[in-house]
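Here is a brief report on one protein model. Please look over the sequence and the structure first.

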Amino acid sequence: MLSIIIPAKELTNILFETISYYKSVIQYEYEILVVYDNISNDCKNNHATQYRNDNTIKILLSPSKGRINALNYGYTKSKGEIIKCIDADDKLLKEYFDKLDMMEAYSAHCHNAKLINDNSEIIGSYSFDHKIILNDYNYVLSNLKSPPRWVWSFRREIGDLIFPIPPELFAEDIWFSLIIKKHCDRIYHLNSSAYLYRQHDGGEWGGITNFSHEVMARRANWNLTVIPILLENREKLGIFTGDIFLSIINYYKVLLGKKLLKNILFAKTTNYYKVKLIVIMYLPKVASSLINLKWRYSIFVITARNIFYKSFK
């Protein structure tokens, strides 16, 4: 069974239109758990009542406010062997469901996405970073590689390691990434855009391809708050020394400082991060173009890797 967990602050038309779409395309045993992230007991609306007698759709009221608490609660109520946590205004496409039988042989899975705006117009694409699959756990940990939480699905034994997510985290993306990479020897990459990610104007992360100073400084502050929480869970995450985060911490500190070339050149971080800082701080539009090139390259690398493995089977 597939369990799709959806934290939602509002029970919107888009959400229930998407649920209707899922009911028409999923040819697999499934359940959809919408966890209403709102203390006010407002689950009794017209949309929710239409699924009152539908065993595949569960509308739950989260006992605690916050997205992470909603995800944690949804997991406790789920029954599936494959878990997928997505956002309320996004959409999994039919291709994802068509590959579910293949995914059963893997502990975790990931995919690419199309970016859409509030009018559902395609405005770009996102490709999963191939280095997360090809490099080792220490690479992912030391660089805090955190693809969006919605790229992942995983088997229940991995879910039992992910949940409960520490509620003190600002965002759960890095937690998903670290637990999955640490415990999954084989990750299946569905190398296609099997997901529509709705990117809102003024969203908290500022947009995936936005590298403005304001957005990058905000992200740096948030990411710096994550590290102490990861260190509190050092045993579970296999963190043997806090120094593993030194380069990424200094990278974030430069982003938060004045835009001075000497601050970049003398920062106690890697040459890779120094080049990245120069591009982001002085050429943010170029950074946006480069990230799109990087995603295209990731698609190429994963495609070549998959062809290589198939040829030797």
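## Overall make-up

The model is predicted. The protein holds 15 helices and nine strands. It has 313 residues, of which 50% count as buried.

## Arg-198 in strand β9

Strand β9 spans residues 187–198, and Arg-198 lies in it. Is Arg-198 buried or exposed? Its relative accessibility is 9%, and buried means under 20%, so Arg-198 counts as buried.

Which residues does Arg-198 touch, beyond its neighbours within four places in sequence? The contacts are Ile-14, Asp-89, Asp-90, Ile-116, Asn-117, Asp-118 and Ser-120. Asn-117 is 81 residues away in sequence. In space, the C-alpha atoms of Arg-198 and Asn-117 are 5.5 Å apart.

Strand β6 covers residues 108–116 and strand β7 covers residues 122–126. The two pair in the antiparallel sense, over four bridges. Leu-115 stands opposite Gly-124 in β7.

Five residues sit between the strands of this hairpin. Ser-120 takes a positive phi there, near 65°. Ser-120 is also one of the residues in contact with Arg-198.

## Packing of α10 and α12

Two packed helices are described by the angle between their axes and the distance between the axes. For helix α10 (residues 213–232) and helix α12 (residues 246–256), the angle is about 145°. Their axes are 9 Å apart. The crossing of α10 and α12 is left-handed.

Which residues make the contact? From α10 come His-213, Met-216, Ala-217, Ala-220, Asn-221, Asn-223, Leu-224 and Ile-227. From α12 come Ile-248, Ile-249, Tyr-251, Tyr-252, Leu-255 and Leu-256. By class, the contact of α10 with α12 has eleven nonpolar residues, three polar residues and no charged residues.

Notes:
Residues numbered from 1 in each chain as written. Predicted model: local features only at pLDDT ≥ 70, side-chain atom pairs only at ≥ 80, totals over all residues. Heavy atoms only, no water. Axes fitted to C-alpha atoms, helices over the stretch in contact; angles between N-to-C directions. Left-handed = near helix turned anticlockwise from the far one by under 90°. Contact = heavy atoms within 4.5 Å. Nonpolar A, V, L, I, M, F, W, Y, C, P; charged D, E, K, R; others polar. Buried < 20%, exposed > 50% of the residue type's maximum accessible area, 1.4 Å probe, protein only. Pairing = 2+ DSSP bridges.
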